[in-house]
Amino acid sequence: MESKIAELKEYLEKNKISQNFEDVLNECLEKLPEDPFGFFANAFGRYAHKPVIEKLVARQILDSRGNPTVEVDVYAKVNGQVKLIARSSAPSGASTGSNEALELRDGDKGVYGGKGVLTACKNVNEILSPQLKGKELFDQNVLDELMCKIDGTELKTKIGGNAITATSFALAEAAAILNDEPLFLHVAKNFYGKDKIPKKFALPVPMVNILNGGKHAGGKLKIQEFMIVPSRNVPFKERLRRVVAVYHTLGGLVVKKYGVSAKNLGDEGGFAPLIDTPDEALNIIEEAITTAGFKVGEDIGLALDSASSEFYDSEKKLYEITEGKFLTSEELVDYYVELVKNHPGIMSIEDGLDEKDYAGWINMTQKLGDKIMIVQDDITTSNPRLIKQGIEEKWANALLLKINQIGTMKEGYEAVRLIHGNNGSVVVSHRSGETTNSVISDLVVGIGAGYIKTGAPARGERTAKYNRLLQIEEYLEEHGML
């Protein structure tokens with residue numbers, strides 16, 4: 001009995017239980033909280049061990065195109081108990097750059113056409129999970145760096161970029177939940193540093209895909225996305241209202257002009273009428289803007305994602321800009337110059353040239369870079385190494401950031417710092433194959449990016465991101481942070 005009492009006494013002294021209990025009790029008596037036991041629960045929490053990762057559990061789920069992707073659950077040991085804290089998932093692109101992180105697929109044609117991700121899930125469960133077990137959750141950069149080291153390849157070919165992105169997202173969500181803070185604040189801490197978080201944040205300008213061509217639609221129109229971009233000089237909720245008004249107006253116009261099937265939606269929620277040329281597409285969008293009561297280029301601008309690698313013939317070195325019309329690199333740049341002249345509302349062109357047409361990118365930036373955003377996507381694939389090269393050679397003046405192109409949030413932060421350091425613009429982007437997670441909405445606010453691309457204001461996986469931005473705007477207003 002005496003030995004047991006001695007053991008308990010040693011335990012109490014070692015963990016400073018008596019001293020800590022007395023401190024909390026005195027604090028409670030001083031504050032006289034309405035819920036004393038709730039107060040005790042929170043107060044004693046500061047003496048508990050920091051939460052650590054217990055395990056990661058990955059599963060195969062479906063994205064918005066009905067293809068498999070990776071979802072990861074994060075279990076943490078919190079106050080001595082193992083709990084499910086958060087889960088997140090990886091998106092998937094249709095038009096992809098050759099330097100993107102590997103989307104690890106199973107390759108069994110008899111199961112999901114070879115697109116299964118069970119191997120990627122196994123890599124999370126059997127490789128990442130054991131090596132991350134016991135790690136603290138709050139430093140995203142440390143966890144992401146560890147995953148990069150475990151994989152050991154730039155393009156995540158061992159573990160799979162889809163496995164690592166889903167895990168990186170899930171770890172960020174878990175840390176924010178455990179810290180009882182919005183995800184965008186957790187992002188800001190890791191992006192700026194804990195002591196350098198801005199006191200004010202801004203909501204991004206949405207670049208809204210409302211008319212689809214290319215791989216997102218399947219018609220004759222080669223340019224992949226035609227977007228509308230509201231003015232920054234109104235609150236986010238009003239930006240969103242304006243683009244929704246134009247979207248619905250355009251829906252009515254395309255049905256009237258091209259028939260009811262023209263209201264069919266592309267992968268990202270934009271309409272996919274049988275339009276043949278970029279001018280025709282821009283004309284009807286401009287008509288929708290004015291019909292909805294707005295001024296083109298003043299209230300609402302225009303933007304393109306050409307995805308030109310998809311209509312580039314690398315052997316002939318020609319671009320099929322419209323069906324049967326082939327242009328050289330120089331001719332295509334001149335085509336864009338004329339397009340901007342004829343449609344002055346255009347303020348951004350993404351992936352205007354093939355990812356290997358470096359001379360063409362330089363030429364386009366020289367001719368249009370002082371007028372519009374020249375947005376790099378496939379050419380740099382959010383890769384800091386390639387972005388550094390692009391800055392030196394003046395390929396573009398803006399970056400499209402897709403975390404799954406490079407793998408982790410940390411690497412995405414590095415990419416953004418490079419662009420911001422060169423006075424460039426950043427557009428945080430979704431992918432055509434999405435899930436309903438809204439990480440990119442918090443990401444764009446947390447890193448202070450000026451723009452977000454997350455599709456049309458239709459389809460649940462797209463509107464989830466817009467709705468999250470509305471929630472963030474409300475939070476910022478309530479806390480005097482906007």
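In the predicted model, Y319 has L327 of strand β10 as its bridge partner. This pair belongs to the antiparallel pairing of strand β9 (residues 318-322) with β10, which extends over three bridges. Both strands are part of an open sheet of three strands, arranged in the order β8-β9-β10 with antiparallel pairing. The edge positions of this sheet are taken by β8 (312-313) and β10 (325-327), each of which pairs on one side only. Strands of a sheet are, in general, paired through backbone hydrogen bonds, in either a parallel or an antiparallel sense.

Helix α10 lies across β9 and β10, and its direction makes an angle of about 105 degrees with β10. Helix α10 (residues 329-342) also approaches helix α11 (residues 358-368), the two axes coming within 10 Å and crossing at roughly 25 degrees. Because angles under 35 degrees count as roughly parallel, α10 and α11 are therefore described as roughly parallel to each other. Their crossing is right-handed. On the α10 side the contact is made by S329, E330, V333, D334, Y336, V337 and V340, and on the α11 side by G360, N363, M364, K367 and L368. By class, the contact of α10 with α11 comprises six nonpolar, three polar and three charged residues.

A second open sheet is found in the region of strands β1 to β3. This sheet has three strands in the order β1-β2-β3, again with antiparallel pairing. Its edge strands are β1 (52-62) and β3 (81-89), each of them pairing on one side only, and the twist from one strand to the next averages 25 degrees. Strand β1 is joined to strand β2 (residues 68-78) by ten bridges, the two strands running antiparallel, and I61 stands opposite T69 in β2. Helix α6 (residues 161-178) packs on this sheet and touches β1, β2 and β3, while its direction makes about 125 degrees with that of β3.

A further helix pair is formed by α4 (residues 118-132) and α5 (residues 140-151), whose axes come within 11 Å and cross at roughly 135 degrees. The crossing in which α4 passes α5 is right-handed. Residues I127, L128, Q131 and L132 in α4 meet L146, M147 and I150 in α5. By class, the contact of α4 with α5 has six nonpolar residues and one polar residue, with no charged residues.

At the level of the whole protein chain, 16 helices and 15 strands are assigned. The radius of gyration of the chain is 25 Å, close to the 23 Å that the globule rule gives for 482 residues, so the chain is as compact as a globular protein of that length. Taken along the principal axes, the box filled by the C-alpha atoms of the protein chain has dimensions of roughly 95 × 50 × 45 Å.

Note on methods. Residues numbered from 1 in each chain as written. Predicted model: local features only at pLDDT ≥ 70, side-chain atom pairs only at ≥ 80, totals over all residues. Heavy atoms only, no water. Axes fitted to C-alpha atoms, helices over the stretch in contact; angles between N-to-C directions. Helix = DSSP H or I, 4+ residues; strand = E, 2+ residues; numbered from the N terminus. Left-handed = near helix turned anticlockwise from the far one by under 90°. Contact = heavy atoms within 4.5 Å. Nonpolar A, V, L, I, M, F, W, Y, C, P; charged D, E, K, R; others polar. Parallel < 35°, antiparallel > 145°, perpendicular 65-115°, else oblique. Pairing = 2+ DSSP bridges. Rg over C-alpha atoms; globule rule 2.2 N^0.38 Å.
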